[in-house]
Amino acid sequence: MRAWTARTTGAVAASVLVTVAVGPLGSAGAAAPVTAGVARPAEPDVTAVPSNLIIPLQRTALVNGKVKGVTSARPVQLQFSWGRQWIPQGDAMTDVSGGYSLRIPSGKLGTFTYRVAAPATATVPAVASVPFSVSVGEGNPRSYKLFAPAGRWNGCQVIGYRVNLTGAPKGALDDVKIAIANVARASGLRYAYRGTTTVIPGATRAFLSPYPKDTQLVIAWAKPGTTKHLPKASNYVGYGGWLSVARPARLGSTTYYPITQAFVVVDSTRRMPLGFGMGDPEGLQGTWGQLVMHELGHTVGLTHVSDKSQLMYPYLQHRASAWGLGDLGGLYNLGGRFGCFPVASSPKASVSKKYAGLLAPVAGPAAPLAAWMMASQVPDSGGPDAGALSGPHQVSGGDH
Ligand SMILES: [Zn+2]
């Protein structure tokens, strides 16, 4: 990402008219996480079908569904997940056959997890739907771009990450963890924090950096000149990317290189506020949180776009850090819901790249992968390629 030193810029208020298609959220075959106090049978007692999984800011969105076994109107409630609690968000009554419609909030940017619950009555127990996640963003949903060639993570793996905090501001680790959580929620990819490290990605000439075995991603604060990713005396403040030494695999209509290793390097000599707020109105724009989120976007396969309302815009900006609609669509499409490498031919994997994020029928990121995805896993998926015929592939994608 590039530094941008400026006076306060005006509000970025591109009001893009977005045509949002409505897709049915069928039963994705996903089991539900255990939820305290609510019976959880294999077939949910409440179905919940959001009109969209990615919603433009302030755009009306609904969740429709049915409470099973209802013979007269019954109260239902939209609830959102907050820590370990479910917080009431809106109430409605079902019709006499259990059908209901509730409005999903769209006034705040971010990814939120909801469920629809019907409280207990004198005669029937409380029931709830499988949780589902909905993201709210700004800008154009088409504003995302993949690297060429494209890389993506094996959706069936857990990405172990470490942080090199040498020279980092105090509190930087919290920002990294929040930024990772923001990627995980929007993409469905799964991450695990493995601790700190002294590794600086790209510090040697080797294609892959010497990561510990449990680590596929390193986020490092480093001085310019100590890594090939951060040249001295430039206006670059960070670099993020991925490396693949695996065979390419097809998913839907695109060929992807399974990501073997990914990295984020940020310039430890810069001075910016921590967090995900607006940042300083004057001087160096942006925050550490914004920078890390942007670079993490590169690590999952997104490259730059010219839409200023997206975090994948290449300059730090004076605005709060939240994924835009394009970022969200890209993260969704590159995310964990589409299964393992290589993926067996399956109509469910063929998703139009442009609108997949708005259409694809999936459950929330908390849900396990559907059975067909697991069935398509092969023993060497995502692993290094022995390269019997053509030698090891060395493919990478990355940008500042
Ligand atoms: Zn960038």
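In the hairpin of strands S5 and S6, two residues lie between the strands, and Gly 83 takes a positive phi near 60°. Strands here are DSSP runs of E with at least two residues, helices are runs of H or I with at least four, and both are numbered from the N terminus. S5 covers residues 75-82 and S6 covers residues 85-93. The two run antiparallel and are joined by eight bridges. Strands count as paired if DSSP finds at least two bridges between them.

The model is predicted; local features need pLDDT of at least 70, side-chain atom pairs count only at pLDDT 80 or more, and totals for chains, interfaces and linings use all residues. Residues are numbered from 1 along each chain as its sequence is written.

Asp 91 also belongs to S6. This residue is exposed, with 11 other C-beta atoms within 10 Å. Asp 91 touches Pro 75 and Gln 77, leaving aside residues up to four places away in sequence. Contact requires C-beta atoms, placed from the backbone, within 7 Å.

An open sheet is formed by three strands in the order S2-S4-S7, with antiparallel pairing. Its edges are S2 (46-50) and S7 (99-104), each of which pairs on one side only. From one strand to the next the twist averages 25°. Axes for such angles are lines fitted to C-alpha atoms, for helices over the stretch in contact, and angles run from 0 to 180 degrees between N-to-C directions. S2 and S4 (residues 61-67) run antiparallel and share five bridges. Ala 48 stands opposite Gly 65 of S4.

Strand S10 (residues 132-137) is mostly covered, with six of its six residues buried. Phe 132, Val 134 and Val 136 are buried on one side, and Ser 133, Ser 135 and Gly 137 are buried on the other. S10 pairs with strand S3 (residues 54-56) in the parallel sense, over three bridges. There, Ile 55 has Val 136 as its bridge partner. S10 also pairs with strand S8 (residues 110-118), in the antiparallel sense and over five bridges. In that pairing, Tyr 114 is the partner of Phe 132.

The largest nonpolar core has 90 residues. Such a core is a set of buried Ala, Val, Leu, Ile, Met, Phe, Trp, Tyr and Cys residues joined through C-beta atoms within 7 Å. Val 116, Val 183, Ile 219, Val 265 and Val 292 have the most contacts inside this core. Helix H1 (residues 172-187) gives the largest share, seven residues. Domain 1 (46-137) and domain 2 (141-383 + 392-399) both contribute, so the core lies between them. These bounds come from an automatic or database domain assignment. Beyond four places in sequence, the residues that Val 265 touches include Ile 200, Pro 201, His 229, Leu 230 and Tyr 239.

H1 has 16 residues and reaches 22 Å from its first C-alpha to its last, close to the 22 Å expected at 1.5 Å a residue. The expected span is 1.5 Å times one less than the number of residues. Buried residues of H1 include Val 176, Ala 179, Ile 180 and Val 183. Just after H1, Gly 188 takes a positive phi of about 85°.

The twelve residues of helix H2 (residues 288-299) should span 16 Å at 1.5 Å a residue, and the end C-alpha atoms of H2 are 16 Å apart, which agrees. H2 is mostly covered, with twelve of its twelve residues buried. Among them are Trp 288, Val 292, His 294, Glu 295 and His 298. Just after H2, Gly 301 takes a positive phi of about 115°. Helix H3 (residues 325-333) is also mostly covered, with nine of its nine residues buried.

Overall, the chain has five helices and 22 strands. Of its 400 residues, 50% count as buried. Among contacts with a separation of 6 or more, 75% join residues 24 or more positions apart.

How values were computed. Buried ≥ 20, exposed ≤ 12 C-beta atoms within 10 Å, placed from the backbone. Contact = placed C-beta atoms within 7 Å.
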